[in-house]
Amino acid sequence: MPTKKSPRNRSRALVLSSKTVFRGPVFNVIRERVREPGGVAVLRDVVHHQGSVVILAIDDSRGKRRILLEKQYRHAARQELWELPAGRINPGEAELAAARRELREETGFTASRWKRAQRFYVSPGFLDETMSIYLARGLTRGPVQPEEDERIATRFFSLRTLERQALAGRLRDAKTLIGVLWMASASSK
């Protein structure tokens, strides 16, 4: 008679083999044969990414909550998208340091108050990247310091406008949808 596996044993996969099949400047692809918690042995390709930060930069100075978005061309989407500022975490860099750096580089703003609001997997079916959303308040404008390939326009939007755009399907970027709808939900409580 087969013995039942304990729930603890079912929660872990056993990696039977692992090989890097692609190395790039931003991510690697790892091919692994694993025995998954249900006992099935499968071949999985996993995109390994260092992780990213997203900045929900909030301006409360005019009595209304306004959120900073940036517009840039995204080739995979074949269009310009309005998004929250974001970027990858460099090797050895702390999340908060990456968030501060990305906000300054892409928008020119710095913030005096920071708080991590959310952390999530981007697409866990094949990608191990996590994104952490940081609230940035007490904004001060400074010089923009974009990377050589970045062409970014910035604009503040009211939270209400962004919430309506999100619900109407006009915001198309997942990290921005998560950040805006989280902020709208947190603000209504």
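Let me start with the salt bridges, of which this predicted model holds 15.

Take Glu-80 and Lys-71, whose side chains meet in a salt bridge with an N to O distance of 3.9 Å. That pair falls inside the cut-off, because a salt bridge requires the nitrogen to be within 4 Å of the carboxyl oxygen. As for solvent, Glu-80 counts as partly exposed at 47% relative accessibility, and Lys-71 is likewise partly exposed, with a relative accessible area of 27%.

Then there is Arg-101, which takes part in a salt bridge with Glu-102, where the closest N and O atoms are 2.8 Å apart, and in another with Glu-105, where the closest N and O atoms are 3.4 Å apart. Are Glu-102 and Arg-101 buried or exposed? Glu-102 has a relative accessibility of 4% and therefore counts as buried, and Arg-101, at 11%, counts as buried too, since the cut-off for that class is under 20%. Glu-105 is also buried. Both Glu-105 and Arg-101 belong to helix α2, residues 95-107, and they sit four residues apart, which is about one turn of the helix. An α-helix has 3.6 residues a turn, so residues three or four places apart point the same way.

Elsewhere, salt bridges that share partners join Arg-74, Glu-83, Asp-173 and Lys-175 into one network.

Let me step back to the chain as a whole. The protein chain contains four helices and ten strands, and read from the N terminus on, its elements run α-β-β-β-β-β-β-β-α-β-β-β-α-α. Along its principal axes, the C-alpha trace spans about 70 × 40 × 30 Å. Of the 189 residues in the protein chain, 37% are buried, and if we take the contacts between residues at least 6 apart in sequence, 55% of them join residues at least 24 apart. The chain exposes about 11800 Å², of which carbon and sulfur atoms supply 50%. On the charge side, there are 36 positive and 21 negative side chains, and the centres of these two sets lie 8 Å apart.

Next, helix α3, residues 159-167, where the question is which residues are buried. They are Leu-159, Leu-162, Gln-165 and Ala-166. Seen down the axis of α3, these buried residues fall within an arc of 125°, so they line one face of the helix. What do the buried residues of α3 pack against? Their partners are β5 (66-74), β10 (153-158) and α4 (174-188). After α3 comes Gly-169, whose phi is positive, near 80°.

I will finish with Pro-85, which is placed in the loop between β6 (79-83) and β7 (86-88). Although this residue is in a loop, Pro-85 is buried, with a relative accessible area of 0%. Leaving aside residues up to four places away in sequence, Pro-85 touches Val-53, Val-54, Ile-55, Leu-68, Glu-70, Leu-103, Glu-106 and Thr-107. Finally, the C-alpha atoms of Pro-85 and Met-131 are separated by 12 Å, the two residues being 46 residues apart along the chain.

Conventions:
Residues numbered from 1 in each chain as written. Heavy atoms only, no water. Buried < 20%, exposed > 50% of the residue type's maximum accessible area, 1.4 Å probe, protein only. Helix = DSSP H or I, 4+ residues; strand = E, 2+ residues; numbered from the N terminus. Contact = heavy atoms within 4.5 Å. Areas by Shrake-Rupley, 256 points an atom, 1.4 Å probe, with all protein chains shown as cover. Lys, Arg positive; Asp, Glu negative; His and termini not counted. Charge placed at Lys NZ, Arg CZ, Asp CG, Glu CD. Arc of directions from axis to C-beta.
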